[in-house]
Every structure is written in structure tokens, then in C-alpha cells.
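User: I'm new to this one. Can you walk me through it, piece by piece?
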Amino acid sequence: MKRLMILLLAAVLVPGITLAHHSASRFDLSVRDNEVSGIVKVFEVANPHTKIVLEITNEKGTRDVEFEGHSRNNYYRSGWRIGMVEPGDRVTLVAAPTRDGSDGGYALGVITEDGTRF
Amino acid sequence: MSHPARRLATSHAAALSMALGAMLVSSDLAANERPDFTGVWGVYREPGQAGGGFGFGAPETLPLRPEAQAKIDEYNALVAPAQDTPGGFCLGTGMPGSMLGSGGYPMEIVQHEDIIVVIYEAHGEIRHIHIGNRAPEEDLFPDRNGYSVGRWEGDKLIVETTHLKEAVDQRRYPHSDQARIVEEYELITNDDASKVLVANMTMTDPVFYTEPITAEKKWSFLPGVRLLPYECNEPTWEEYLDSLREQAAE
């Protein structure tokens, strides 16, 4: 319990820790065809990983779900360019799901409203 | 007047020097005849294979000493809950991971006669390979990518890297600060004129391993490709600034 409190305190006091990215091993990368659609709330293309938040509506209700994505450099090389995805857009992510079945995933690819893929 | 014995020794030394010089000339190429590694290189993929991220010939089980295994186990237990990695904290891999893996990102080589600079796109890791101008020992200190000196043996570039930091956080080849890595680089031109850069690595580390580690890594030449910046801490810095602004506004 004490250790958990220290970790939570550190997360509050040191903003950088809250942003630390983790390894992709918490995602089931063997699943390459899982598609998730939603309204873009956040689409921050960055290194080492992109942060995507979608408003998703399904049988669980409507909620914001955060995804991790490839690095900016990898998305650039697969066709992403600035302005291609903006908040409010509807996109579909080809996302490896989490191993524990919780919300979220790893965005292997993005399909925009006009069908552009990167 | 000089002593006869000293004259004899000087004469022998001169002969030896000439002989060594002749050997060097015969085993080395003139600077303008050496292969030019300059350019951007990407992970080579053998036909029908997914790629050589960590090099081919890598052993399945590492010949680790028990003390080293204990250190690695302790590290793995620490990072396992959140599955943290150095890269997740914008920290480069360090040798030999920077060379063998580098996340599959390309690298750029800038070759001069006295120095070769290797830039790995992932985390912007940079290695300087000093040719014939090693820094004095007292000027060196441990680093994740160590200190590298190179020499040409014919058309092969031999690179020796020392002064590494202990790295239990290397996913494939953890090592101690006593590790010594030798890479042999060779340029191959295929029948279709495409260029492949091949590196054979041997890492000796008597503190961590009972025997040397070897691996092979290949890259394909990527004409027209530019290396991209890999600034990684910018979102962290911007979020920190936002938090300062929020505090200032309160």
C-alpha cells in the first residue's frame, strides 16, 4: 500500500512519469485485423509513441478510450502528414487489443473518413 | 658518437618498422579505394523473412554467469509491472542494441578518413568511430554507446568499442562495464547493383558471460531516404509547462 502511494505521489509530482511510454508487450500484436471506430478527441503524433483518444460508442456505452500508436517517424513513412487527422474527425483504427481485455490498444494503422490509410 | 649496440638496435627497429609498414600497405587500401559506407541504411530483409532486427546467428540462450543472471532478473522484476523500457523514457539503447536493433529504424553513416559518424534514427543515438586518433585514456568515460576506434583491414572496417556502462536493461544482450565489442563491417554489392552492409559482431564480457556473443546484422542501402529527427521528450516538456501554467493561474 505504501509503495502504491509513493508511486501515485510520484505520478502527481513528476508530470513526466505520467507520460512515460511502456513497451508494446501489454498489447496482443498477433491480432492485426481488429478495427475500432470513433470520434477523435486527441491525436498527438509523437515519438516514441503516438497518443490517440477516441470517443467510442458501443454496447458498453459512450466513453473516451486511449490508444497508443506508432512513432511519428513510422506514421510519416507510412503516409501520415500534418493535418490529416483532426479532433472531431471520425476514424477507424486497426488496433491490436490489450492482453487483459481492457479498453485501448495499439494502433497499427489508421483509416480516415475518406479512406486514406497510414 | 652513438654506441654500437644502440646503432644495431636502431637499425633493427628501422628494418622492423619498414617491414610492418609494408605489411600494413599490403593489407590496407588507399583511402580512395576503400568502400564508402556514407548514406542512409535500413534493416535488410532476406527474401521470405521478416527481417533481422537483432541480427542473425543470435543464440537462443545466453551463456550468462549466475551473478549476471541475478542482476538481470532483479531488473526484469522491477520493470515487469508497468512493462517499462529505457526507450519509453526516451533513453537510447546503447551498444550493442543500438547497432543490432534500433527498433528497425534506419541509420545514417557519414564517413571521413579520420572519423566515421553513425546516427541511429531511434532516439538519435550517435556513435563516433575514431580512425587512428584514439583519445587518451584519462579523457574517456563510460557511456551507453561506449568509445569506438576503427581501422581498415583491406576493404573491411574493424571497430572496437570499450568504455561501456553496465546495461542490464538491454533487451537482447545485457552486459557489464567490462564488455568489449568488435564489429567487422563489409560492403556487398548484389548482382542487381543494390548495396548491402554486413556487420559481424563479437562481444566479450568475462564479467557477464562465459563465452563470447556473436551476431550478424545486415542493412540495405536506402537512396533518397532522409533520416528523421526523433525528439522524444517534447510532449513531456509541454505537459510540464502546462502544469506550471495551471499552477501559476491558481
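User: Let's start with rings. How many aromatic pairs are there over all chains?
Analyst: The count comes to 10 aromatic pairs over all chains. Keep in mind that this is a predicted model.

User: Take B:Tyr105 and B:Tyr230. Why is that pair edge-to-face?
Analyst: The ring planes of B:Tyr105 and B:Tyr230 stand at 80°, so the pair is edge-to-face. The ring centres are 5.4 Å apart.

User: Where in the chain do B:Tyr105 and B:Tyr230 sit?
Analyst: In distant parts of it, 125 residues apart. B:Tyr105 is in the loop between helix 3 (97–100) and strand 2 (107–111) of chain B. B:Tyr230 is in the loop between strand 9 (213–221) and helix 4 (234–249) of chain B.

User: Are B:Tyr105 and B:Tyr230 buried or exposed?
Analyst: Both B:Tyr105 and B:Tyr230 are buried.

User: Which residues do ring pairs link into a cluster?
Analyst: B:Phe37, B:Trp152, B:Tyr185 and B:Trp219.

User: And what lies over the face of B:Phe221?
Analyst: B:Lys195 does, at 4.2 Å from the ring centre.

User: OK, zooming out. How many helices and strands does chain B have?
Analyst: Chain B has 4 helices and 9 strands. From the N terminus, the order is α-β-α-α-β-β-β-β-β-β-β-β-α.

User: What do the 9 strands of chain B form?
Analyst: A closed barrel, running 1-2-3-4-5-6-7-8-9 with mixed pairing. The twist from one strand to the next averages 30°.

User: Which strands does strand 1 of chain B pair with?
Analyst: Strand 2 of chain B is one partner, antiparallel, with 3 bridges. There, B:Gly39 stands opposite B:Ile109. Strand 9 of chain B is another, also antiparallel and over 3 bridges. In that strand, B:Trp219 is the bridge partner of B:Val43. B:Trp219 also belongs to the ring cluster with B:Phe37, B:Trp152 and B:Tyr185.

User: How many residues of strand 1 in chain B are buried?
Analyst: Strand 1 (residues 39–43) of chain B is mostly covered, with 5 of its 5 residues buried.

User: How many bridges are there between strand 2 and strand 3 of chain B?
Analyst: Strand 2 and strand 3 (residues 115–120) of chain B pair over 5 bridges, in the antiparallel sense. B:Glu108 stands opposite B:Ile119 in strand 3.

User: What holds paired strands together, in general?
Analyst: Strands of a sheet pair through backbone hydrogen bonds, either parallel or antiparallel.

User: Now chain A. What's in it?
Analyst: Chain A has 3 helices and 5 strands. The elements run α-α-β-β-β-α-β-β from the N terminus on.

User: In what order do the 5 strands of chain A run?
Analyst: 1-2-3-5-4, in a closed barrel with mixed pairing. Neighbouring strands are turned by 55° against each other on average, direction ignored.

User: How do strand 4 and strand 5 of chain A run, parallel or antiparallel?
Analyst: Strand 4 (residues 90–97) and strand 5 (residues 105–111) of chain A run antiparallel, joined by 6 bridges. A:Val94 stands opposite A:Gly109 in strand 5.

User: What share of each chain is buried?
Analyst: In chain A, buried residues make up 40% of the 118 residues. In chain B, buried residues make up 38% of the 250 residues.

User: What is the phi of B:Cys90?
Analyst: Near 60°, a positive value in a residue other than glycine. Most residues other than glycine have a negative phi. B:Cys90 also lies in the loop between helix 2 and helix 3 of chain B.

User: Why does B:Cys90 count as buried?
Analyst: Because B:Cys90 has 18% relative accessibility, and buried means under 20%.

User: And B:His163, what is its phi?
Analyst: B:His163 has a positive phi of about 55°. B:His163 is in the loop between strand 6 (156–162) and strand 7 (180–189) of chain B. B:His163 is buried, with a relative accessible area of 17%.

Technical notes. Residues numbered from 1 in each chain as written. Chains lettered and ligands numbered in written order. Predicted model: local features only at pLDDT ≥ 70, side-chain atom pairs only at ≥ 80, totals over all residues. Heavy atoms only, no water. Pairing = 2+ DSSP bridges. Helix = DSSP H or I, 4+ residues; strand = E, 2+ residues; numbered from the N terminus. Axes fitted to C-alpha atoms, helices over the stretch in contact; angles between N-to-C directions. Phe/Tyr/Trp six-rings, centres within 6.5 Å; stacked < 30°, edge-to-face > 60°. Buried < 20%, exposed > 50% of the residue type's maximum accessible area, 1.4 Å probe, protein only. Lys NZ or Arg CZ within 6 Å of the ring centre and 35° of its normal.
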